[in-house]
Amino acid sequence: MIEKIRISLWDIFTFFMTGVFFVIIILGFITINNQLPQKEVIFDFLIKLPATYILVVMPIILILLGLLIEPIANFFERYIGKYLFFLD
C-alpha cells in the first residue's frame, strides 16, 4: 500500500507553504484581537523547546496542516470561487 503513494518534493513544499500561510493568518487574527501573549512568554517557551521539535516536528505539523487545508481550498476554488470571482 505504501508503495502506491506517490508524493514529490513539489507536493511537500506546497503543503508546507500552505501550512505556513495558515499559521501566519491565524497569528494575524490572534494579534488583531489582542489575544497574543507577551513576547517574553513566547520567547521563553521557544527557548525551552528542544531543537528537534523545532527542526523536525514543526515542519511535519505544517505539512499536515497544509494537507488538511488544501482540499478545502480546492473546494472553495472549484465550487464557490467561480460564483464569487466570476471564474470559468
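Q: At roughly what angle do the axes of α1 and α3 cross?
A: In this predicted model, the axes of the two helices α1 and α3 come within 7 Å of each other. Angles of 65 to 115 degrees count as roughly perpendicular, and α1 is therefore described as roughly perpendicular to α3. The crossing angle itself is roughly 90°.

Q: How do the residues of the contact of α1 with α3 divide into nonpolar, polar and charged?
A: On the α1 side the contact includes Ile12, Phe15, Phe16, Val20 and Phe22, and on the α3 side it includes Pro59, Leu62, Leu65 and Ile69. Thr14, Thr18 and Gly19 in α1 also take part, as do Gly66 and Glu70 in α3. Sorted by class, the residues of this contact come to 12 nonpolar, 4 polar and 1 charged.

Q: Is Thr18 buried or exposed?
A: Thr18 is placed in helix α1, and, leaving aside neighbours within four places in sequence, Thr18 is in contact with Gly66, Ile69 and Glu70. The relative accessibility of Thr18 is 18%, and a residue must be under 20% to be called buried. Because of that value, Thr18 counts as buried.

Q: What separates the C-alpha atoms of Asp11 and Ile63?
A: Asp11 is found in helix α1 and, with a relative accessibility of 26%, counts as partly exposed. Along the chain, Asp11 and Ile63 are 52 residues apart.

Q: Which element gives the largest share of the lining of the largest pocket?
A: The largest pocket, with about 440 Å³ of space, is lined by 14 residues, of which Val23, Leu27, Ile42, Leu46 and Met58 lie nearest its centre. The elements that give two or more residues to this lining are α1 (9-32), α2 (39-48) and α3 (51-84). The largest share, 5 residues, comes from α3.

Q: How many charged residues does the lining of the largest pocket have?
A: Considered by class, the lining of the largest pocket has 13 nonpolar residues together with 1 polar residue. The number of charged residues in that lining is none.

How values were computed. Residues numbered from 1 in each chain as written. Predicted model: local features only at pLDDT ≥ 70, side-chain atom pairs only at ≥ 80, totals over all residues. Heavy atoms only, no water. 1 Å grid on protein atoms, 1.4 Å probe; cavity = no way out; pocket = protein on both sides within 12 Å on 5 of 7 lines; lining within 4 Å. Points joined across faces, edges and corners; volume = space filled by probe spheres on them. Helix = DSSP H or I, 4+ residues; strand = E, 2+ residues; numbered from the N terminus. Nonpolar A, V, L, I, M, F, W, Y, C, P; charged D, E, K, R; others polar. Axes fitted to C-alpha atoms, helices over the stretch in contact; angles between N-to-C directions. Parallel < 35°, antiparallel > 145°, perpendicular 65-115°, else oblique. Contact = heavy atoms within 4.5 Å. Buried < 20%, exposed > 50% of the residue type's maximum accessible area, 1.4 Å probe, protein only.
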